[in-house]
Amino acid sequence: MNRIPDANAVFPNEYKTSCFIKNIIKAPNIMVGDYTYYDDPVDPTGFEQNNVLFNYPEFGDRLIIGKFCQIACGTKFIMGPANHRLCSVTTYPFNVFGGAWAENTPPHLDQLPHKGDTDIGNDVWIGRESVIMPGVKIGDGAIITAYSVVAKDIPAYAVYGGNPAKFIKKRFDDELIDLLLRLRWWNLEPEVLASILPLLCDPDLEQVKRALKENGYKNG
């Protein structure tokens, strides 16, 4: 069998426009799974600086991205500190400008709303220039169309798009979705995964369902 791509490589191929981003992340609150890539013809290794905005780890939220995700050029992840205070009559961030304003207001980060972690599943495709808002959960196998703004949770194997992103369709019928969520192919050992790639890339979805059932991934 040919060499399996190295999950620990920064650039997985000779084009050097796609970057396995787990290998360039430094912030302690960003977790990225194996083989997830960001594609950018200009600066793919600048993902953390250019595409994860307002990230202050001391705020306490995390960005969690699963394995085998495909993140297109210009996608932005907005972290919690991008918010403004909503609990008072003004949203203006007086505290951050110092002087008497800082002396007479609570610390800025303490008053921001906490949306929780932003959690992207496995095998998620996020289209070009999309924006993922704080605290959003995106399920395994979902697709976000280009130029979308995702402000609410998205279920597994669903296609969403627009501003704000809305449901377009399910990728597959419920039976196949259930089988795939049981298979969790992204957790297979590399050699096993390589051996079933013909099945994962087969456009005959009825054949895929039959094969998964025959291998024990049945409903119930």
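**Close-up views of a predicted model**

View 1. Residues are numbered from 1 along each chain as its sequence is written, and side-chain values use heavy atoms, with hydrogens and water left out. Strands are DSSP runs of E with at least two residues, helices are runs of H or I with at least four, and both are numbered from the N terminus. Two strands pair if DSSP finds at least two bridges between them. Strand β12 (residues 143-144) pairs with β14 in the parallel sense over 2 bridges, and I144 has Y160 as its bridge partner.

**View 2. The β14-β15 hairpin.** Strand β15 (residues 166-170) runs antiparallel to β14, joined by 4 bridges. G161 stands opposite K166. The hairpin has 4 residues between its strands, and G162 in the turn has a positive phi of about 110°.

**View 3. An open sheet.** Its 4 strands have the order β4-β7-β10-β13, with parallel pairing. β4 (52-53) and β13 (149-150) are at the edges with a single partner strand each, so one side of each has no neighbour in the sheet. β4 and β7 (residues 76-78) are joined by 2 bridges, and L53 has I78 as its bridge partner.

**View 4. Aromatic rings.** Rings of Phe, Tyr and Trp (its six-membered ring) pair if their centres lie within 6.5 Å; planes under 30 degrees apart are stacked, over 60 edge-to-face and the rest tilted. The count by this rule is 13 aromatic pairs. The ring centres of Y38 and F47 are 5.3 Å apart and their planes are at 55°, so this pair is tilted. Y38 is buried at 1% relative accessibility, and F47 at 0%. Ring pairs also link F20, Y35, F68, W185 and W186 into a cluster.

**View 5. The largest pocket.** About 870 Å³ of space lies in the largest pocket. A pocket is an open set of points on a 1 Å grid over the protein atoms alone, with protein on both sides within 12 Å along at least five of seven lines; lining residues have an atom within 4 Å of a point. Of the 33 lining residues, F68, W185, L193, L197 and L200 are the closest to its centre. Helix α4 gives the largest share of the lining, 6 residues.

Conventions:
Predicted model: local features only at pLDDT ≥ 70, side-chain atom pairs only at ≥ 80, totals over all residues. Buried < 20%, exposed > 50% of the residue type's maximum accessible area, 1.4 Å probe, protein only. 1 Å grid on protein atoms, 1.4 Å probe; cavity = no way out; pocket = protein on both sides within 12 Å on 5 of 7 lines; lining within 4 Å. Points joined across faces, edges and corners; volume = space filled by probe spheres on them.
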